[in-house]
Amino acid sequence: MILPTFELHQPRTLDELIATARGLRDAGEAFDYMAGGTDVLPNYKNRLNAKPHVVSLALCEGLDEVRADRIGARATIADIARDPVLAEHWPGLVEAARQVSSPPLRNLGTLGGNLLLDTRCFYFNQSGFWRDAKGNCLKAEGDVCLVVPQEEICYATYSGDMAPMVLVLDATLHLAGPDGERAVRARDFWAFDGITRFHKRPEELLTAVSFPDAARGLRTGYRKLRVRDTIEYPVMGVAMGLEAAGGKVARLELAVTGSEAVPLYYGDLGLGGRTIDAGLGEELDRKLVRTVNAYRNVPFPPSYRKAMAGVFARDLLATLAR
């Protein structure tokens, strides 16, 4: 498909980028930020909420740092997947990065782009011709959600791989915009709606993600359900952090992606302090299956995706305990 017409802006510094965003906002011009473009451009080709202006981050300096305590938002998924320092400190984050899509797309896609990934749905991610024939949904030209029919909340599914591990590690997201800089705890960032998605103003840019020292005691891992082993988004993904002491759970952090409109943090599901054994794994499985919701708007039926969330959690607990 052919891209719609838009004006491309290519600032070279963060200050220049913010000035560009301020000018467009003050002029009442809608725009999108774009880094690798692996999510934005396919949506534009399908005429899904395309904007008249696109501000590219490709030439912007200083947003691609990769350190143990901080990763720039323009660092590519491939950079994260092969970084030995990150593999030592945050193996679950690297594990998640290695499962994102395929090698060519990991070379283009960025951490910021994956965290801010647009939600997906059978009724949204289609051509304009398909949508016109079926009837448009709340997220694309319509006024009713076709997954859960009502007019207030879009139930398109969030399908980023990196977000659940960012939640497990209790990371902080750093934003910059025309009105200044601010930091938001990841666990407070996402907003339950497939359109709103997160607590970020359109003109704000995600610049970096930082990780607290308190997360260093966690052993971390990630499991992903998808139709094919490459390219596919997660239709269920589970991230876990475990700290054990004396054979018991000192700390358990659990987060899920690919189930609802946002990635969700579940904490320890009330299992803190319990002895780590097969019985605990089975209880974790049951509790997560009862807790997780899923909707019929991505591949695999909801019941299967919920069941696999429990299987993944049980497997992660056993693996990290070893």
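This briefing walks through a helix, a strand, a loop residue and some salt bridges. The model is predicted, so local features need pLDDT of at least 70 and side-chain atom pairs count only at pLDDT 80 or more, while totals for chains, interfaces and linings use all residues. Residues are numbered from 1 along each chain as its sequence is written, and side-chain values use heavy atoms, with hydrogens and water left out. Helices (H or I, at least four residues) and strands (E, at least two) are DSSP runs, numbered from the N terminus.

- Buried means under 20% relative accessible area, exposed over 50%, and partly exposed in between (1.4 Å probe, protein chains only).
- In a regular strand, side chains alternate between the two faces of the sheet.
- Strand E1 (residues 7-9) pairs with E3 in the parallel sense over 3 bridges; strands pair if DSSP finds at least two bridges between them.
- Strand E2 (residues 31-34) also runs parallel to E3, joined by 4 bridges.
- His 53 is the bridge partner of Glu 7 and of Phe 31.

**Helix H10**
- H10 (residues 278-291) has 14 residues and spans 20 Å from first C-alpha to last, close to the 20 Å expected at 1.5 Å a residue. That expected span is 1.5 Å times one less than the number of residues.
- Its buried residues are Leu 280, Gly 281, Glu 283, Leu 284, Asp 285 and Leu 288.
- Strands E9 (236-245), E10 (248-257) and E11 (264-267) and helix H11 (302-321) are among what covers them.
- At the helix start, a side-chain oxygen of Asp 277 comes within 3.2 Å of the backbone nitrogen of Gly 279.

**Thr 76**
- Thr 76 sits in the loop between strand E4 (70-72) and helix H3 (77-81), and counts as buried because its relative accessibility is 14%.
- Leaving aside residues up to four places away in sequence, Thr 76 touches Arg 106, Asn 107, Gly 109 and Thr 110 (contact: heavy atoms within 4.5 Å).

**Salt bridges**
- There are 26 in the structure, each a side-chain nitrogen of Lys or Arg within 4 Å of a carboxyl oxygen of Asp or Glu.
- Arg 201 bridges to Glu 204 with the closest N and O atoms 3.1 Å apart; Arg 201 is partly exposed at 37%, whereas Glu 204 is buried at 1%.
- Arg 82 and Asp 79 pair up at 3.5 Å, with Arg 82 exposed at 57% and Asp 79 partly exposed at 28%.

Technical notes. A polar contact is a pair of N or O atoms within 3.5 Å; within protein, one must be able to donate a hydrogen and the other to accept it, and residues adjacent in sequence count only if both atoms are side-chain atoms.
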